[in-house]
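Here are my notes on this model, for you to read with the structure open.

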Amino acid sequence: MKNKGLLTAVAVIVIVLGGFALFQGFQKDNKSAKTTTSTTSNQKQYTVGVLQLMSHPALDQIYEGIKEGLAEEGLKEGENLTINFQNGQGDQSKLNTMSQQLVQDKSEVLIGIATPAAQALDNNVKKKDIPIVLGAVTDPEGAGLVASNDAPGANITGVSDQPPVEEIIALAKKMLPNAKKVGMLYASSEANSKFQVAKASEKAKELGMEVVNKPVASTNEVAQTVQILANEVDFVFIPLDNTIANAMETVAQEAEKQKLPVFPSVETMVQQGGVATIGISQKELGVQTGKMAAQIVKGEAEPATTPIFTFSKGETIINQKQAEALEIHLSDELTKDARFTE
Ligand code: TRP
């Protein structure tokens with residue numbers, strides 16, 4: 001009996017001690033786990049400010065790409081990166097207040113998506129002390145953002161989305177061999193568009209076509225302008241213009257009514273009712289922009305000496321449904337390197 005009592009007591013002690021030891025070990029584990037998490041949060045944290053001009057499908061894809069590009073260079077949201085994102089909804093006064101906000105938020109690098117957003121950021125970084133990365137600005141030099149595309153010279157560099165406009169005009173002429181007049185549809189306020197339209201016009205004239213310029217002052221004029229163009233020209237060319245991109249559904253609707261072929265400069269606008277384009281992937285533009293921003297914020301690149309990045313080759317994209325509706329013959333030559341979109 002006595003012995004049994006002793007045994008029980010010993011057993012209890014062993015269990016209690018064992019339990020305690022286990023508990024200690026547990027705590028220790030917990031502690032070491034804590035230390036590792038605190039080292040992760042001691043990692044350098046980055047703050048990136050992004051100002052997007054407005055929402056249209058192409059700019060939205062660029063922003064998606066930017067997040068991917070930052071991540072590829074090791075800057076990940078929820079780990080070591082805070083992105084302050086602002087969308088100006090195409091409103092100049094919003095672009096200015098949002099730029100000021102992003103500067104106040106202590107952004108270490110600012111990204112401007114589209115020309116007017118980049119210009120607003122530039123105007124609000126007064127001392128040129130925060131680097132700015134251009135996300136898809138067609139003509140950085142012409143927009144007064146850099147000294148030159150090869151040697152930007154100050155706090156700004158980035159990615160140009162310049163599409164191969166001459167090739168697009170040549171493609172349109174191949175699809176519509178009898179075309180004699182081409183209409184240029186763009187917004188008078190967009191510096192990026194004037195640059196592209198000038199190049200497209202030159203090519204059109206070289207191919208023996210006459211050019212009709214139709215700049216619009218705002219989205220409100222788009223429907224009527226397309227109707228006017230339908231009576232005057234054989235097809236319409238649209239550069240990478242934000243105002244028109246934002247009104248592409250209206251353009252497509254009016255053009256369809258009038259059987260007017262439309263050749264935009266980006267895949268998203270072909271999907272929305274254009275006939276064809278030779279375009280650059282908007283997502284890729286974004287990825288490149290994100291990578292550049294990350295390299296700059298990590299101190300691996302200097303804006304002043306980093307040339308503007310341009311893509312050299314576009315992809316031919318055809319909207320088969322539109323081509324068929326307009327009775328455009330798609331020869332093997334036209335389709336051999338092309339991708340079809342819905
Ligand atoms: N290039 C335009 C700018 O400089 C922005 C842009 C990028 C865009 N992709 C586009 C505009 C597609 C219209 C459609 O502002």
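**Notes on the predicted model**

1. Residues are numbered from 1 along each chain as its sequence is written, and side-chain values use heavy atoms, with hydrogens and water left out. This is a predicted model, where local features need pLDDT of at least 70 and side-chain atom pairs count only at pLDDT 80 or more, while totals for chains, interfaces and linings use all residues.

2. Now the ligand's oxygen contacts. A polar side-chain atom of Asn242 is 2.9 Å from a ligand oxygen, an N or O atom in the Asn192 side chain is 3.4 Å from one, and a polar backbone atom of Ala136 is 3.3 Å from one. The protein buries 100% of the 360 Å² that the ligand exposes when taken alone (accessible areas by the Shrake-Rupley method, 1.4 Å probe; for residues, only the protein chains shown count as cover).

3. Next, the 6-stranded sheet: it is open, with parallel pairing, in the order β2-β1-β3-β4-β5-β11. Strands are DSSP runs of E, at least two residues, and helices are runs of H or I, at least four, numbered from the N terminus; two strands pair if DSSP finds at least two bridges between them. β2 (81-87) and β11 (309-310) are at the edges, each with a single partner strand, so one side of each has no neighbour in the sheet. Strand β1 (residues 46-52) runs parallel to β2, joined by 7 bridges, and Val48 stands opposite Ile83 in β2.

4. Two helices to find on this sheet. Helix α4 (residues 115-124) lies across β1, β3 (109-113), β4 (132-135) and β5 (156-160), at about 145° to β3. Helix α11 (residues 282-297) lies across β1, β3, β4, β5 and β11, at about 160° to β5. Axes are lines fitted to C-alpha atoms, for helices over the stretch in contact, with angles from 0 to 180 degrees between N-to-C directions; contact means heavy atoms within 4.5 Å.

5. There is also an open sheet of 3 strands, β10-β12-β13, with mixed pairing. Its edge strands are β10 (276-279) and β13 (338-341), each pairing on one side only. β10 and β12 (residues 315-319) run antiparallel, joined by 4 bridges, and Ile278 stands opposite Thr316 in β12.

6. Finally, confidence: the chain's mean pLDDT is 91, and 88% of its residues reach 70 or more (pLDDT is the predictor's confidence in each residue, from 0 to 100). Over residues 25-39 pLDDT stays under 50, and the model has 0 contacts there beyond four places in sequence. Where pLDDT is low, the predicted coordinates should not be read in detail.

Methods:
Polar contact = N/O pair within 3.5 Å; in protein donor to acceptor, adjacent residues only side chain to side chain.
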